[in-house]
Protein chains: 2
Amino acid sequence: MSDSLDALKSRLGDVVSLTNIQALVEWDQQTQMPPGAAASKARHVEVLSKLSHEMEVADETGSLIAAAEKEVASATYDSFDASLVRVARRGYDRARKLPTDLVAEMSRVTAMAHEDWVKARQNDDFAAFVPSLTKILELKQREIACKGYKEHPYDALLDNFEIGLTAADVDSMFSELRVELVPLVKAITERADAVDDSPVHQEFPEDKQRAFAEMVVSKYGFDFSRGRQDKSVHPFCTSFSRDDVRITTRFDPNWLNPALFGTFHESGHGMYEQGSDPSLEGTILCGGASLGVHESQSRLWENVIGRSYPFWTHFYPKLQETFPGQLKDVSLDAFYRAINKVEPSFIRVEADEATYNLHIMIRFEVERDVIGGKIAVKDIPEAWNAKSKEYLGIVPPTNALGCLQDIHWSFGGFGYFPTYSIGNLLSVQLYDTAVKAHPAIPEEIADGEFSTLLGWMRSNIHVHGAKYEPKELIMRATGEPMQSRSYMKYLKTKYSAIYGL
Amino acid sequence: MSDSLDALKSRLGDVVSLTNIQALVEWDQQTQMPPGAAASKARHVEVLSKLSHEMEVADETGSLIAAAEKEVASATYDSFDASLVRVARRGYDRARKLPTDLVAEMSRVTAMAHEDWVKARQNDDFAAFVPSLTKILELKQREIACKGYKEHPYDALLDNFEIGLTAADVDSMFSELRVELVPLVKAITERADAVDDSPVHQEFPEDKQRAFAEMVVSKYGFDFSRGRQDKSVHPFCTSFSRDDVRITTRFDPNWLNPALFGTFHESGHGMYEQGSDPSLEGTILCGGASLGVHESQSRLWENVIGRSYPFWTHFYPKLQETFPGQLKDVSLDAFYRAINKVEPSFIRVEADEATYNLHIMIRFEVERDVIGGKIAVKDIPEAWNAKSKEYLGIVPPTNALGCLQDIHWSFGGFGYFPTYSIGNLLSVQLYDTAVKAHPAIPEEIADGEFSTLLGWMRSNIHVHGAKYEPKELIMRATGEPMQSRSYMKYLKTKYSAIYGL
């Protein structure tokens, strides 16, 4: 008696396949294609997104979901079938709220806006981006009107990336952080000379950087028989299946950090994708629970592990063997301090762990107030710079180094940024919970052993794929809601030691 | 009043996009994907081929074609619109003969069969490939039953690759060739010692092989801003647009020929794909007229040019510079003879020009008899070896060197092989016609200049894309039907000189 359920699975399986194939097209676009192929790529992405969207929002899909809901009425909440239908219902209702012409116009406008943003950033000319940005914001207001919200219009956009998250939630998270983080960064800045990061600013040949980083993430547990790494201008992780996960990185021949910590970071996303239960493969339940949870995994392996002292007690001798000319006279302690230098800077993606969340706070508050009508588009640079002064203590000399630095607005990604900070908070909250269950984890890390930690993440986070909403998943895994306490304690302990505070 | 024509163009444009995207998925499968991804690839190929097939054979497509036929009734035969509708009609009528489930199953089965074939060849284990091959042949018999045929069931498969070609046509072509070719090879074999090919059997580092071959094909006119080269087990050319053409090669560190002439070969396919008129981009008229015509372009640049004396008068000094240790004491004449050594051998793709067609004869006769029910799947190795003995005078010691050597059966490409011989014949017929129009071509080649020759191919073959049937195209380009006279004269002249016959 599961005819509708089977038909629903098959239909949604095709949607998932089309989405995965679109990810391949986009991966190829950013890692492989010859320059002349740009126009045909745009056409291919358009036809795939059109077909998958049509299939997803078709009346037929709605009827199948309604019928399947009856069929799974007695299935337990955690079961595959009940979860599939529940997640299908949520996705369908959300997608149906947006008229097809709005979706199509957003695609068209953002495709053009991307070009405008690239040029505006290149020329440090915010005014050149204003028309596109204004148009995108008009469409975002239409989207908000279609979706509705309870307290703040920005809530409707946050919910696109982190289900149920509200502006009030984010504000309260940042209020908590701000109290301790701003003084911490100030204290560190006053002792800026205590850390010298010149060891990581030397010449490091690309092939050796690559070999070392891939050796590490193999030990972490990134499975290269079900994944690979390529180069791209902007690093990312994408997947076409739990068994086909692609990460990318970029190399700076004169700076160790981007490729090294970038690879650690993307491998965290990658291991999450590879860790969905095999039974979820090819369904809408495969993959991650949310962007915030995803980011918790990348930040865990990049920072909590990859920038920790125990980790480097094991790996630093191997790094020295790889780069003897550069590092043989640099002690483990000096290297550990170098990779953990804190310094207020302009570019988010290059920010250290301590200042990173301040970048997110700036963007969040500007976004929220633009959406709420408190900041006009033309006044964004001024608002940005004021907040930068307030939180980071520095004012970007150009908009290219300020409000124009990130791609997200050009693709309409308002509401995306707070997930980065959520990832930071969760990375420590999850790690602490894992260590409570397995107190030997820090010692294992010092031996280059990660299977207990990865095993805990696998069984508490990864295997569930997208079955649970992020709040549910975190409650199940840690026994409490997301909190900032663990993260702040982690930062204070780590940097007090490094900077002798 | 061209509403139906516009709707037809848009619909077929989506079909072309899906087909191009499928080609990307398959390219990724053979050049990039991690081994674990095989199952998901099969699923992706299946959904794409299902969707494009459904769209192609939908009643709606038929109605649009019928309406468009009226709209273009007064357009000239050569016009874009008339050609589009004519080719759409032909494709539609052919595709309607195959049920969607058969097409989908073939995609799924062949995606898995590819892996089986790779393993079977690696392990020289024909039995391991039998289940896949049997399944494919069952599907081929269903296909033949759907399509129908006049004389021989194999005709229904030949027609997939070369419109209107029959087993009787192929048999008669090979009968003509056999009369002169078998004695020629025999005469050469009796003077086997006249040519020493040891110069090409030395150690040649892969990176230098690659750089040299890519330098040559850039000079030929392969446009790397609209294409790229990767490595794969079996070399091939595919395209996702006239502006996105991918060729692949493989390297033998101890043998110059495979990567060198392989790259020349695939670049010929690639230049054909890149040469469609820009107005055909994204339509069903973009690409090649048939496999046979396609192969004429690859064999032209691989052999007629790439193994010619004038070509090497220009490029041999550069090859010597690339490999001084290996070649500085090898004269141009000795090298020219070495790359043109004729010797019955096991592997088709590495065969010399004189014995190549004998390999095709073996495969053709085995295929025809398997399809005709005269050879059982399990008896293929025995039948293969017997024919190898008869035509080439040698018996492969393993099936990896015999019937398992080629990829084609794993993707269901029965009926494909005769197009290779057609390509050989046409390569010389077209070259002779171009030289008649531009007698300076051989001198230009000796100067490393290929633009006149490529220009002639561009305007007589490439720009037309798939507008004309192969027989029409060859008649327009050369003023006569395909013939074997030019090809046999070319072989006899070339090898009489080399072997002093």
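Modeller: The bounds of a domain are taken from an automatic or database domain assignment. On that basis chain A is divided into domain 1 (3–96) and domain 2 (198–340 + 427–468). The model is predicted, so local features need pLDDT of at least 70 and side-chain atom pairs count only at pLDDT 80 or more, whereas totals for chains, interfaces and linings use all residues. Residues are numbered from 1 along each chain as its sequence is written, and chains are lettered from A and ligands numbered from 1 in the order in which they are written.

Biologist: How many residues of domain 1 of chain A are in contact with domain 2 of chain A?

Modeller: A contact is a pair of residues whose C-beta atoms, placed from the backbone, lie within 7 Å. By that rule 16 residues of domain 1 of chain A are in contact with 16 residues of domain 2 of chain A. The C-alpha centres of these two domains of chain A are 29 Å apart.

Biologist: Which elements give two or more residues to the side of domain 1 of chain A that touches domain 2 of chain A?

Modeller: Elements are DSSP runs numbered from the N terminus: helices (H or I, at least four residues) and strands (E, at least two). On this side of domain 1 of chain A, they are helix H1 (3–31) and helix H4 (80–96) of chain A. H1(A) gives the largest share, 10 residues. For the classes, Ala, Val, Leu, Ile, Met, Phe, Trp, Tyr, Cys and Pro count as nonpolar, Asp, Glu, Lys and Arg as charged, and the others, Gly among them, as polar. The domain 1 side in chain A then has 9 nonpolar, 6 polar and 1 charged residues.

Biologist: In what order do the strands of the open sheet in chain A stand?

Modeller: Two strands pair if DSSP finds at least two bridges between them. In chain A, 3 strands form an open sheet in the order S1-S3-S2, with mixed pairing. Strand S1 (227–231) and strand S2 (237–241) of chain A are at the edges, each with a single partner strand, so one side of each has no neighbour in the sheet. The twist from one strand to the next averages 20 degrees. S1(A) and strand S3 (residues 244–249) of chain A run parallel and are joined by 5 bridges; A:Asp230 stands opposite A:Thr248 in S3(A).

Biologist: Which strands of chain A does H1(A) touch where it packs on the sheet?

Modeller: Angles run from 0 to 180 degrees between N-to-C directions, and axes are lines fitted to C-alpha atoms, for helices over the stretch in contact. H1(A) touches S1, S2 and S3 of chain A, and its direction makes about 140 degrees with that of S2(A). Helix H10 (residues 257–274) of chain A also packs on the sheet, touching S1, S2 and S3 of chain A, with its direction at about 165 degrees to that of S3(A).

Biologist: At what angle do helix H6 and helix H7 of chain B pack?

Modeller: Helix H6 (residues 126–147) and helix H7 (residues 153–161) of chain B pack at about 90 degrees, with their axes 9 Å apart. H6(B) is therefore roughly perpendicular to H7(B); angles under 35 degrees count as roughly parallel, over 145 as roughly antiparallel, 65 to 115 as roughly perpendicular and the rest as oblique. B:Lys140, B:Ile144 and B:Lys147 in H6(B) meet B:Pro153, B:Ala156 and B:Leu157 in H7(B). That contact comprises 4 nonpolar, no polar and 2 charged residues.

Biologist: What angle and axis distance describe helix H17 and helix H20 of chain B?

Modeller: Helix H17 (residues 418–437) and helix H20 (residues 470–478) of chain B pack at about 30 degrees, and their axes are 10 Å apart. H17(B) is therefore roughly parallel to H20(B). The contact of H17(B) with H20(B) has 4 nonpolar, 3 polar and no charged residues.

Biologist: How many residues of chain B are in contact with chain A?

Modeller: There are 31 residues of chain B in contact with 30 residues of chain A. H1(B) gives the largest share of the chain B side, 8 residues. That side divides into 14 nonpolar, 10 polar and 7 charged residues. Of the interface residues of chain B, 97% are also interface residues in chain A, so the copies meet through the same surface.

Terms used. Contact = placed C-beta atoms within 7 Å.
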